[in-house]
Every structure is written in structure tokens, then in C-alpha cells.
Amino acid sequence: MHRMNIQELFLKQKEALRGRTRQVTSLLREDHITWRPAPGALSIGEMLRHIWVSEQGVGNVALNGDFTYYERRIPGGLSAVLGMPRTIAEEIASLQDTQTETLAAAASFPLEKWDEERVHKGLGFRRKIAVILFGMNEHEIHHRAQLMTYLRMLGTPAPEAVARR
């Protein structure tokens with residue numbers, strides 16, 4: 001019996017949650033892009049953009065040791081890295097491209113390095129690469145759930161994780 005290693009587990013989880021995210025984002029319409037549930041909350045377009053911009057930045061920390069994203073994000077807040085959303089279609093395409101890039105980079109990242117730490121003393125950052133990568137998955141799940149809530153508030157039933165009988 002094959003025992004799944006940490007890399008295989010991450011890739012399997014990432015692929016599964018990617019499919020679920022696609023189900024949710026397929027329900028978004030262009031007229032949803034600026035909708036937000038309350039002042040100060042992320043709009044749907046901002047949230048889509050945040051998911052992929054964050055995955056790119058955090059993925060660079062984990063897989064390349066490049067802290068540029070955190071060096072801007074931590075002192076400057078989300079607005080320092082987010083940029084302006086384009087169309088829903090473009091943001092979804094960027095999300096899908098980023099997920100594809102993450103899967104490819106993680107698949108080719110040497111298994112023996114998954115337990116190494118990324119450290120940035122100036123930011124007080126110290127985490128194992130595997131922990132950073134699984135945190136990216138958790139981040140996507142969190143914001144996908146927010147998008148599902150937004151859709152429900154807009155009157156669009158979001159798909160259930162498990163089919164009800």
C-alpha cells in the first residue's frame with residue numbers, strides 16, 4: 001500500500017479545492033464585481049483578485065524564498081498588493097492560471113525541502129514550507145466560503161459541498 005507523502009497530499013488537496021472553487025466562481029456574473037455586503041468589506045472582484053494575488057505572493061515565499069509580497073503586504077496592508085480588479089472573467093482566469101502555476105511548481109519542488117523553514121527576521125517570519133503551502137489552501141477555502149455567502153446574499157444559491165438526498 002502506497003503511503004501518501006506531504007507533497008502528494010498537498011497536490012491532491014489543492015486539485016480538489018480548485019475544482020470546488022471553480023464551481024463557486026462559475027456562478028459569478030460581471031455585475032457582481034463591485035458588490036460588497038457592507039462598507040469596508042471586500043467586493044466580489046477584490047476578493048477574487050485577493051485570492052490569486054495572495055497565492056502568487058505566498059507561493060513565492062514558500063517555493064522561491066522570495067518575500068517581496070510580505071515585505072509590501074505586512075507594512076502596507078492589503079491595498080499595497082491588491083491592485084484594481086478587472087472583469088470577473090479576467091480575475092477568474094488569473095485565479096485559474098495562478099492555481100495551475102502553483103500546482104506545477106509544488107509538483108516539481110523537491111520533497112526533501114518541504115520540511116525546511118523560510119525565515120525573514122525583519123518581518124518576524126519563520127514557517128516550514130509545507131505549512132506555508134497548506135496555509136494557502138486554507139486561505140482559498142476561507143475566501144471561497146465568503147464568496148458563497150455573498151452569492152447567497154445576492155439570491156444565487158451556491159452549490160452544496162455534498163449533494164443532499
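In what follows, Ala, Val, Leu, Ile, Met, Phe, Trp, Tyr, Cys and Pro count as nonpolar, Asp, Glu, Lys and Arg as charged, and the others, Gly among them, as polar. The structure described here is a predicted model.

With these classes in hand, we can begin at the largest pocket. Its volume is about 310 Å³, and its lining is made of 14 residues. Those nearest the centre of the pocket are Ser54, Val58, Tyr70, Arg127 and His139. By class, the lining of the largest pocket has seven nonpolar, five polar and two charged residues. Four elements each supply at least two residues of this lining: α2, α3 (68-76), β2 (125-128) and α6. Of the elements that line the largest pocket, α6 gives the most, with six residues.

Next comes the largest cavity. The count of cavities of 30 Å³ or more is one, and the volume of the largest cavity is about 30 Å³. Its lining consists of Ile51, Ser54, Glu55, Met136, His139 and Glu140. Both α2 (44-64) and α6 (129-153) contribute at least two residues each to that lining. Sorted by class, the cavity lining holds two nonpolar, two polar and two charged residues. Ser54 and His139 line this cavity, and they are also among the residues nearest the centre of the largest pocket.

Helix α2 also packs against α3. How far apart are the axes of α2 and α3, and at what angle do these helices pack? The axes are 7 Å apart and the angle is about 125°. Angles over 145 degrees would count as roughly antiparallel and those from 65 to 115 as roughly perpendicular, so α2 and α3 are oblique to each other. On the α2 side, the contact is made by His50, Val53, Ser54, Gly57, Val58 and Val61. On the α3 side, Tyr69, Tyr70 and Arg73 take part. This contact of α2 with α3 comprises five nonpolar, three polar and one charged residue.

A second pair of helices gives another arrangement. Helix α1 (residues 6-25) and helix α5 (residues 88-108) have axes 10 Å apart and pack at an angle of about 170°. Because an angle over 145 degrees counts as roughly antiparallel, α1 and α5 are described as roughly antiparallel to each other. Among the residues of α1 in this contact are Phe10, Leu11, Lys14 and Arg18, while those of α5 include Ile92, Leu95, Gln99 and Leu103. The contact of α1 with α5 divides into seven nonpolar, eight polar and four charged residues.

Finally, there are the aromatic rings. The model has seven aromatic pairs. In one of them, the ring centres of Phe67 and Phe125 are 5.3 Å apart and their planes stand at 80°, which makes the pair edge-to-face. Phe67 lies in the loop between α2 and α3, and Phe125 in strand β2. The two residues are 58 residues apart, and their pair thus links distant parts of the chain.

Technical notes
Residues are numbered from 1 along each chain as its sequence is written. This is a predicted model: local features need pLDDT of at least 70, side-chain atom pairs count only at pLDDT 80 or more; totals for chains, interfaces and linings use all residues. Side-chain values use heavy atoms; hydrogens and water are left out. On a 1 Å grid over the protein atoms alone, a cavity is a set of points where a 1.4 Å probe fits but cannot get out, and a pocket is an open set with protein on both sides within 12 Å along at least five of seven lines; lining residues have an atom within 4 Å of a point. Grid points are joined across faces, edges and corners, and a volume is the space filled by probe spheres set on the points. Axes are lines fitted to C-alpha atoms, for helices over the stretch in contact, and angles run from 0 to 180 degrees between N-to-C directions. Angles under 35 degrees count as roughly parallel, over 145 as roughly antiparallel, 65 to 115 as roughly perpendicular and the rest as oblique. Contact means heavy atoms within 4.5 Å. Rings of Phe, Tyr and Trp (its six-membered ring) pair if their centres lie within 6.5 Å; planes under 30 degrees apart count as stacked, over 60 as edge-to-face and the rest as tilted.
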